[in-house]
Amino acid sequence: MDLDIIFEDEHLLIINKPAGLTVHPAPGNRDNTLVNALLAHCGDSLSGIGGVSRPGIVHRIDKLTSGLLVVAKHDAAHAHLSAQLSSHTLGRTYNALVWGIPKPINGKITGNIGRSPTNRQKMAIVKTGGKPAVTHYQTLENLGIATLVECRLETGRTHQIRVHFLLIGDPTYGSTTDSRLNQNIYKNLPDITRSTLLSFNRQALHARELRLIHPHTQKEMKFSCDLPQDMQSLLVALRDDG
């Protein structure tokens with residue numbers, strides 16, 4: 001498996017993960033994961049870092065989310081980067097295409113996230129229990145029926161952005177695209193926009209930027225990667241509707 005490596009030295013790697021690639025092995029998918037590719041690339045140097053099934057993995061993003069991940073190459077780097085993650089100094093910024101227009105258009109979403117009381121397979125904002133979750137966001141482009149937003153994570157709870165926003169292509173935390181397009185407000189959409197929306201089969205979420213302190217040099221580093229082609233095509237189709 002080819003890895004899209006943005007940066008690499010003897011301490012860490014920055015990977016641009018494609019949508020559809022699972023980060024670590026799980027029942028039903030033991031081989032075709034980012035971890036398998038990392039072990040093939042780095043060899044035994046990753047063994048044991050972060051646990052047997054997650055060697056080197058400091059944080060994760062969902063299978064159907066694309067974008068940047070940092071991977072530690074040794075225990076000291078892993079401990080340093082994990083401490084940054086815990087103290088919220090490892091900066092992560094996402095781009096997302098969401099249904100509708102956020103109100104207010106820029107702001108902060110707060111509230112504890114935990115297991116949904118009605119569906120244990122999902123996360124939700126809960127009144128009791130859970131863990132604090134904070135997402136700072138700003139509108140980058142108003143597309144009429146949708147919005148391109150930038151989300152900066154202050155915390156990193158499971159599915160945090162997917163809980164906080166109605167992402168295009170994410171039926172787990174919203175309605176399916178098909179059912180949404182059957183609503184009257186979408187009936188006059190151009191065929192190309194409708195077709196592009198229906199064929200977009202993942203949550204429209206991309207981890208665009210990482211900011212961290214290098215575990216060895218102690219220098220601040222910043223990495224970014226452009227939107228993948230599928231999200232760029234979706235953005236163009238939504239603009240054409242406007």
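Cys151 is in no disulfide either, with the nearest cysteine sulfur, that of Cys225, 15 Å away.

Before going on, some ground rules. This is a predicted model, in which local features need pLDDT of at least 70 and side-chain atom pairs count only at pLDDT 80 or more, while totals for chains, interfaces and linings use all residues. Residues are numbered from 1 along each chain as its sequence is written, and side-chain values use heavy atoms, with hydrogens and water left out.

Back to those cysteines. Buried means under 20% relative accessible area, exposed means over 50%, and partly exposed is in between (1.4 Å probe, protein chains only). Cys42 counts as buried at 17%, and Cys151 is buried as well, at 0%.

**Salt bridges**

Side chains of opposite charge can pair when their charged atoms come close. A salt bridge is counted when a side-chain nitrogen of Lys or Arg lies within 4 Å of a carboxyl oxygen of Asp or Glu. The structure holds 10 of them, including these:

| Pair | N to O distance |
|---|---|
| Lys73 and Glu8 | 2.7 Å |
| Arg60 and Asp62 | 3.7 Å |
| Arg211 and Glu209 | 2.6 Å |

Take Lys73 and Glu8, whose closest N and O atoms are 2.7 Å apart. That pair links distant parts of the chain: Lys73 is in the loop between β3 (66-72) and α2, Glu8 is in strand β1 (residues 5-8), and 65 residues separate them. (Helices, H or I with at least four residues, and strands, E with at least two, are DSSP runs numbered from the N terminus.) Lys73 counts as buried at 14% relative accessibility, whereas Glu8 is partly exposed at 34%.

In the second pair, Arg60 is partly exposed at 38%, while Asp62 is buried at 13%. In the third, Arg211 is partly exposed at 21% and Glu209 is buried at 10%. Salt bridges with shared partners tie Glu150, Arg208, Glu209, Arg211 and Lys222 into one network.

Helix α5 (residues 191-199) has Thr193, Arg194, Thr196 and Leu197 as its buried residues. They are on the same side of α5, because they cover an arc of only 165° around the axis (the arc is that of the directions from the helix axis to the C-beta atoms). On the other side of α5, Asp191, Ile192 and Ser199 are exposed.

Helix α2 covers residues 75-86 and includes Asp75, which is exposed at 54%. Asp75 and Leu212 are 137 residues apart in sequence, yet 17 Å apart in space, C-alpha to C-alpha.

**Pockets**

Pockets are found on a 1 Å grid over the protein atoms alone: each is an open set of points where a 1.4 Å probe fits, with protein on both sides within 12 Å along at least five of seven lines, and lining residues have an atom within 4 Å of a point. Grid points are joined across faces, edges and corners, and a volume is the space filled by probe spheres set on the points.

The largest pocket has a volume of about 570 Å³. It is lined by 23 residues, and the closest to its centre are Arg92, Gly156, Arg157, Thr158 and His159. At least two lining residues come from each of α2, β4 (91-99) and α3 (160-164), with α3 giving the largest share, 3 residues.

The second largest pocket has a volume of about 190 Å³. Its lining includes Arg60 and Asp62, along with Thr158 and His159.

Most residues other than glycine have a negative phi, and most peptide bonds are trans. His159 has a positive phi of about 60° although it is not a glycine, and this residue lies in the loop between β8 (146-153) and α3. Gln218, also not a glycine, has a positive phi of about 65°. Gln218 is in the loop between β9 (205-213) and β10 (220-224) and is partly exposed at 45%.

Finally, the peptide bond from Lys103 to Pro104 is cis, with omega near -5°. Pro104 lies in the loop between β4 and β5 (106-115).

Technical notes. Disulfide = S-S within 2.5 Å.
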